[in-house]
Amino acid sequence: MNIALIIILAFLLLSIFLGIRSSKGKDMNLEQWTVGGRGFGAIFVFLLMAGEIYTTFSFLGGSGWAYGKGAPALYVLIYITLSYVLSYWLLPEIWKYAKENKLMSQSDFFVSKYKSPSLGILAALVGVVSMIPVIVVQLKGLGIIVSEASYGAISMSAAVWMGAIGLTIYVMISGIHGSVWTAVIKDIMMIAIIGFLGIYLPIHYFGGFQPMFEAIDAAKPGFLKFPEQGLSISWFISTVILLVFGFYMWPQVFSAVYSARSGKVFRKNAIISPLYTLMLLFVFFVGFTAILKVPGLVGADADLSLLRLSIQTFDPWFIGIIGGAGLLTALVPGSMLLMSVATLLAKNVYKEFAPTVSDRHVVRLAKILVPIIALIAVYFTLNGGETMSALILMGYSLITQLFPSLLFSLKKKKNPINKYGAIAGIITGLAIVICITLSHSTIGTLFPSLPQAAKDLNVGIIALAFNFIVMITVSLALRNHVVQLEPKSVNDI
């Protein structure tokens, strides 16, 4: 066993210890397990939400896209920054309503706003389906990190299984408390490691940033520009818009929002967080450096660029430090994702069919579901070849379909959208995304006569447009329709 692997395993054991320690002395009921008793202050909420944003995609996938795609990778930097602007107004409203109504999941929000358990179940299922690809990203990242940092001593599949088992134990014991304490260590390490790599590697290999870009442009002319088709400017703009709308639609992000002690936390974070986003530039610099120094990585292998370049450059002990930081970028968001999926299925699906069960029973069921969900994610991790960025974009195309109905629900006066319009819009958007994704089609292949700019639009933004149209049309059509109040549980239907 080499020193790098020993260091990585030490970080894993430290994380599990922190998870156990953080839950000590607390009655881990549903509220404590999912939203930490709503007692986290500004720093913890910031780190927890940053833990959701800066995942293994930021660590490996960002450098992989810079390595394989060039300029289009900058969409990550733009959409995250613009999303923080939106959060200044959006998140305090969500937090305030959730606190007043004692909500514990994203699905609860839709049920309460639209007085519709059916919409709550739909929102829960959308969240579950959307989060599976993102859990896959975390496990894939864990597998890459452990396999590469062990210098091939541990296979990718064995590393994925190890990561899944560790993640499952971590979530079942600690819930959100372990995630927030581990996020403290993770963010400190990530800033230090990524900042160092992003500055040192271009200087070490090229003598600076300008010489690096000049060398890339000479070797691969046009690589640092947006292509005329495919990942073009229209793709870039439509993808940024889609991701800004979907940024705070993830169920685990709602859990982090609910955990805050005050709504002022989010406005403070919105001011500070864009500076934190600048760290992603250093991730891109690593990927750009690897283009000429670690050539030949194609397709999903582009995600290996950061670690392959680091292994080529540094001693094993430092690879262990890099791997440890990378492991934490998977563990924090991965734990929140697993917990959110399990909670949604137990509380917002199962409990609707069995409304008399206690919260303690729901917590037990959620913990039982954690290893089952982890097994499903392992299957897709080991049987899929997509890049991390492709998986993230697929999840966003699905989860963003919840945005229109949430946006209208925040109106101060009467919401013009009813539950029927909300459900119809969400289903329409999902159907478009799923059909096009499963058929491996694009806007261009479906409508070849369209201008190139239209062909390159992100399919998620097209689905979102149809979602809006159907939602408004159905709501207006049924505005004066007299219906009975929806039953309080599925058993009453």
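Lys 140 lies in helix H7 of a predicted model; helices (H or I, at least four residues) and strands (E, at least two) are DSSP runs, numbered from the N terminus. Lys 140 is buried, at a relative accessible area of 9%, where buried means under 20% relative accessible area, exposed over 50% and partly exposed in between (1.4 Å probe, protein chains only). The C-alpha atom of Lys 140 is 9.0 Å from that of Ala 159, 19 residues apart along the chain.

Residues are numbered from 1 along each chain as its sequence is written, and side-chain values use heavy atoms, with hydrogens and water left out. In this predicted model, local features need pLDDT of at least 70 and side-chain atom pairs count only at pLDDT 80 or more, whereas totals for chains, interfaces and linings use all residues.

The secondary structure of the chain consists of 23 helices and zero strands. Of its 493 residues, 58% count as buried. The chain exposes about 19,700 Å², of which carbon and sulfur atoms supply 69%; accessible areas come from the Shrake-Rupley method with a 1.4 Å probe, and for residues only the protein chains shown count as cover. Contact means heavy atoms within 4.5 Å. Among contacts between residues at least 6 apart in sequence, 86% join residues at least 24 apart.

A nonpolar core is a set of buried Ala, Val, Leu, Ile, Met, Phe, Trp, Tyr and Cys residues joined through side-chain atoms within 4.5 Å. The largest such core has 151 residues, and Tyr 75, Tyr 79 and Ile 322 are those with the most contacts inside it. Helix H7 (residues 117-149) gives the largest share of this core, 18 residues.

The structure holds 28 aromatic pairs. Rings of Phe, Tyr and Trp (its six-membered ring) pair if their centres lie within 6.5 Å; planes under 30 degrees apart count as stacked, over 60 as edge-to-face and the rest as tilted. The ring centres of Phe 282 and Phe 285 are 6.1 Å apart and their planes stand at 80 degrees, so this pair is edge-to-face. The two residues are about one helical turn apart because they are three residues apart in helix H14 (residues 279-293). Phe 282 is partly exposed at 25% relative accessibility, whereas Phe 285 is buried at 15%.

Charged ends also sit over rings, a term that requires NZ of Lys or CZ of Arg within 6 Å of the ring centre and within 35 degrees of the ring normal. The charged end of Lys 113 is placed in this way over Tyr 97, 4.1 Å from the ring centre, and that of Lys 293 over Phe 206, 5.2 Å from the ring centre.

Ser 105 is found in the loop between helix H5 (75-101) and helix H6 (106-114). Its relative accessible area is 4%, so Ser 105 is buried. Not counting residues up to four places away in sequence, Ser 105 touches Tyr 258, Leu 344 and Asn 348.

The predictor's confidence in each residue is given as pLDDT, from 0 to 100. The mean pLDDT of the chain is 83, and 87% of its residues reach 70 or more. Confidence is lowest in helix H2 (residues 30-35), at a mean of 54, and highest in helix H10 (residues 209-219), at 95.
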